[in-house]
Structures are given as C-alpha cells and as structure tokens.
Amino acid sequence: MDDNHLELVHLLRKVTVEFGLRQAEFAAANGMHPTDVRALICLLDAARAAEPATAGLLGARLGLNSAGTTAVIDRLERLGHVTRTRDSGDRRRVLLSVTPQAARLGQDTFGPAIETLAATSAAFTPTEREAVRHFLTTAYAAFGGA
C-alpha cells in the first residue's frame, strides 16, 4: 500500500501516541496509574451512554481480571475519583460513578483539547463528519473494539 493510503493511519497513530503520553502525564501528576485513567474514561463513557457501570463492565472494557479490577476501583475510590453505590433496582449490584471532583480534574486537563476538536468537527459538513466517523469506527473495530 502506498503512503497516500496510509497517511490517515499514520496520523491516527500519532494522535493515539500523543494522547497516551498526555494520559500518562495526567496519571503521574495526580497519583494514579495509567490504567486508572483508562478506567475513568470507561466510566465516563458508560455514563454518557446511560449504561450501568459495574465492576464487571469495567473489567471487561479494560481487559482485567476480577482482582485487577477491584484494585483499580479501590485506588480510584481512595483518591476520591469514584463512588460505589448499590443499584436501587437490584441491591446485589454495585454501580460505579466518577465523582464531580474527578470529572473537573479531567476537564481542567483535557477540556481545551476536547473543545478544539469539537469546534473543528462543528465546522464539518454532515458528509465530512460521517466520513470521519466511518474511518474512526473502522479503526476501532480493526483493533478489536466492539
């Protein structure tokens, strides 16, 4: 495949590497493990999708076993970034949520970049947004995302 066809793949790789570096810096600056940051992102994504966030869901999304998932949740709870509450519909189930403090911390760090990207995509035509969505959805699936 020639370089013209790979240009977007290489740009996506650059973005993911840069984002990974910023996540690692954020984790170090806030006394977290990089997996803790990925866990917070998973929990925020679940909340945005109105999906009940449980330890099982988090472990599956992060590729962790039960002990590893519990360790992440315990660390995040100790840091005041996550709360555990009993599901009112099923008292056996414990739901996880990101605290407002943690959301603010993430917004303070990543908000400017997110706002820039949102403003850029707002200027796209619906056809352009669909092309980007298609590319990113295909990239996600190519790496094993659901």
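Predicted model: local features only at pLDDT ≥ 70, side-chain atom pairs only at ≥ 80, totals over all residues.

Residues are numbered from 1 along each chain as its sequence is written, and side-chain values use heavy atoms, with hydrogens and water left out.

Helices here are DSSP runs of H or I, at least four residues, numbered from the N terminus. Confidence is lowest in helix α1, residues 3-29, at a mean of 93, and highest in helix α4, residues 66-78, at 97.

Now the packing. α1 and helix α6, residues 126-142, pack at about 70°, with their axes 12 Å apart; the axes are lines fitted to C-alpha atoms over the stretch in contact, and angles run from 0 to 180 degrees between N-to-C directions. The two helices are therefore roughly perpendicular (65 to 115 degrees). On the α1 side the contact (heavy atoms within 4.5 Å) is made by Leu 8, Val 9 and Leu 12, and on the α6 side by Phe 135, Leu 136 and Ala 139.

Next, the rings. How many aromatic pairs does the count come to? Two, with ring centres required to lie within 6.5 Å. Phe 19 and Phe 110 form an edge-to-face pair (planes over 60 degrees apart), at 5.8 Å centre to centre and 65° between the planes. This pair links distant parts of the chain: Phe 19 is in α1 and Phe 110 in helix α5, residues 100-122, 91 residues apart.

Methods:
pLDDT = per-residue confidence, 0-100. Parallel < 35°, antiparallel > 145°, perpendicular 65-115°, else oblique. Phe/Tyr/Trp six-rings, centres within 6.5 Å; stacked < 30°, edge-to-face > 60°.
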